[in-house]
Structure formats: structure tokens, C-alpha cells
Amino acid sequence: MAKKEYEEICSKIASISQFIRFVGIINTNGELLAYKRRPNLAALLDATATKNQFSHISIKTDMEAKFDKSLGEVEFVWEERKRVQTISFAINKNRVWVSIDKKVIRSEMLRIIDSCLPIVKSYS
């Protein structure tokens with residue numbers, strides 16, 4: 001997939017909700033292929049922590065794949081943290097990682113997830 005397509009995915013997902021902070025596509029090596037951040041928003045992670053987070057996502061994705069045959073492929077993962085909520089989706093071997101404002105109500109989170117799934121599936 002070309003960088004332009006990765007950027008297109010990020011833009012489409014970022015436009016789903018005003019509560020989306022960041023959308024990034026991470027490859028199997030933990031490298032950021034494309035991203036979109038909400039304007040005028042300070043990052044929650046510094047450069048080192050960001051690199052570690054993306055490496056963690058890469059390792060976790062590889063580990064999850066080992067269970068695909070018996071459990072089926074992961075469609076999405078939703079995490080609630082103290083300061084932010086995240087969801088991630090697989091596009092082939094890459095991972096789309098989305099961070100969302102913490103105070104978003106669950107129905108908005110579900111709307112965001114339901115809006116992301118067709119986008120992700122169309123590129124898989």
C-alpha cells in the first residue's frame with residue numbers, strides 16, 4: 001500500500017469525530033507509516049514513549065496473530081486508560097491506532113468504532 005493510501009485512511013478516520021486526538025498507522029516493525037493529529041493538541045507521549053508504544057503495538061499484534069486460527073482475527077481492540085481511550089484495527093499486517101479524548105461517552109466510542117470498521121475493511 002502506498003503512503004498516500006495510509007494518509008487517506010488517517011484523514012478519513014480523523015474526520016469521524018471531533019474527539020479523535022490522533023490516528024496513526026504502524027507497521028510490523030513499530031514504525032509510523034502515516035498519521036493525523038488533531039490541530040493545536042499537545043501529545044501525551046514524548047518521542048521515546050511514542051516509539052515504545054508503537055513497538056508494543058507491533059509486538060502485541062504479532063502475538064495476537066498466533067491465536068487467529070483458533071479464535072479468529074482481531075477486528076479491533078478498545079482500551080480505556082486514565083487519560084485517554086484507544087482503539088486499534090488491523091489492516092493486513094499493519095495496525096491503525098486511534099486515541100480519543102477520555103471523557104467521551106460510550107455511545108460515541110461505539111459510533112467511532114462502527115464508523116472505523118468499514119474504512120479499515122475497505123483497505124484490508
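Author: A residue is called buried under 20% relative accessible area, exposed over 50% and partly exposed in between (1.4 Å probe, protein chains only). The structure above is a predicted model, in which local features need pLDDT of at least 70 and side-chain atom pairs count only at pLDDT 80 or more, while totals for chains, interfaces and linings use all residues. Residues are numbered from 1 along each chain as its sequence is written, and side-chain values use heavy atoms, with hydrogens and water left out.

Reader: Is Met109 buried or exposed?

Author: With a relative accessible area of 0%, Met109 is buried. It lies in helix H4, where helices (H or I, at least four residues) and strands (E, at least two) are DSSP runs numbered from the N terminus. Leaving aside residues up to four places away in sequence, Met109 touches Trp78, Gln85, Ile87, Ile100 and Val104, contact meaning heavy atoms within 4.5 Å.

Reader: Which residues of the largest nonpolar core touch the most other members?

Author: A nonpolar core is a set of buried Ala, Val, Leu, Ile, Met, Phe, Trp, Tyr and Cys residues joined through side-chain atoms within 4.5 Å. Here the largest one has 25 residues, and Ile9, Ile13, Ile87, Phe89, Val96 and Val98 are the members that touch the most others. Two or more residues of this core come from each of helix H1 (3-14), strand E1 (20-26), strand E4 (84-91), strand E5 (94-101) and helix H4 (106-123), and H4 gives the largest share, eight residues. Apart from this core lies another, of five residues, among them Ile26, Phe54, Ile57 and Trp97.

Reader: What does Ile87 touch?

Author: With residues up to four places away in sequence not counted, Ile87 touches Val77, Trp78, Val96, Trp97, Val98, Ile100, Met109, Ile112, Ile113 and Cys116. Thr86 also belongs to strand E4, and at 3% relative accessibility Thr86 counts as buried. Under the same exclusion of residues up to four places away, Thr86 touches Val77, Trp78, Glu79, Trp97, Val98 and Ser99. The C-alpha atoms of Thr86 and Asp68, which are 18 residues apart along the chain, are separated by 22 Å.

Reader: At what angle do H1 and H4 pack?

Author: Two packed helices are described by the angle between their axes and the distance between the axes. The axes are lines fitted to C-alpha atoms, for helices over the stretch in contact, and the angles run from 0 to 180 degrees between N-to-C directions. For H1 and H4 the angle is about 170 degrees, with the axes 10 Å apart. The two helices are therefore roughly antiparallel to each other, given that angles under 35 degrees count as roughly parallel, over 145 as roughly antiparallel, 65 to 115 as roughly perpendicular and the rest as oblique. Glu5, Glu8, Ile9, Lys12 and Ile13 of H1 meet Cys116, Ile119, Val120 and Tyr123 of H4. By class this contact has six nonpolar, no polar and three charged residues, where Ala, Val, Leu, Ile, Met, Phe, Trp, Tyr, Cys and Pro count as nonpolar, Asp, Glu, Lys and Arg as charged, and the others, Gly among them, as polar.

Reader: How many aromatic pairs are there?

Author: Rings of Phe, Tyr and Trp (its six-membered ring) pair if their centres lie within 6.5 Å, and planes under 30 degrees apart count as stacked, over 60 as edge-to-face and the rest as tilted. By this rule the count comes to three aromatic pairs. One of them, Phe22 with Trp97, is edge-to-face, at 6.1 Å centre to centre and 65 degrees between the planes. Phe22 in strand E1 and Trp97 in strand E5 are 75 residues apart, and the pair links distant parts of the chain. Both Phe22 and Trp97 are buried. Phe76 and Phe89 form a tilted pair, with 6.2 Å centre to centre and 45 degrees between the planes. Phe76 lies in the loop between helix H3 (68-71) and strand E3 (77-80) and Phe89 in strand E4, so this pair ties together parts that are 13 residues apart in sequence. Phe76 counts as partly exposed at 32% relative accessibility, whereas Phe89 is buried at 0%. Ring pairs also link Phe22, Tyr35 and Trp97 into a cluster.

Reader: Where is Asn40 placed, and what is the phi of Asn40?

Author: Asn40 is in the loop between strand E2 (32-37) and helix H2 (47-65), and its phi is near 55 degrees, a positive value in a residue other than glycine. At 84% relative accessibility Asn40 counts as exposed. Asn92, in the loop between E4 and E5, has a positive phi of about 55 degrees although it is not a glycine, and Asn92 is exposed, with a relative accessible area of 57%.
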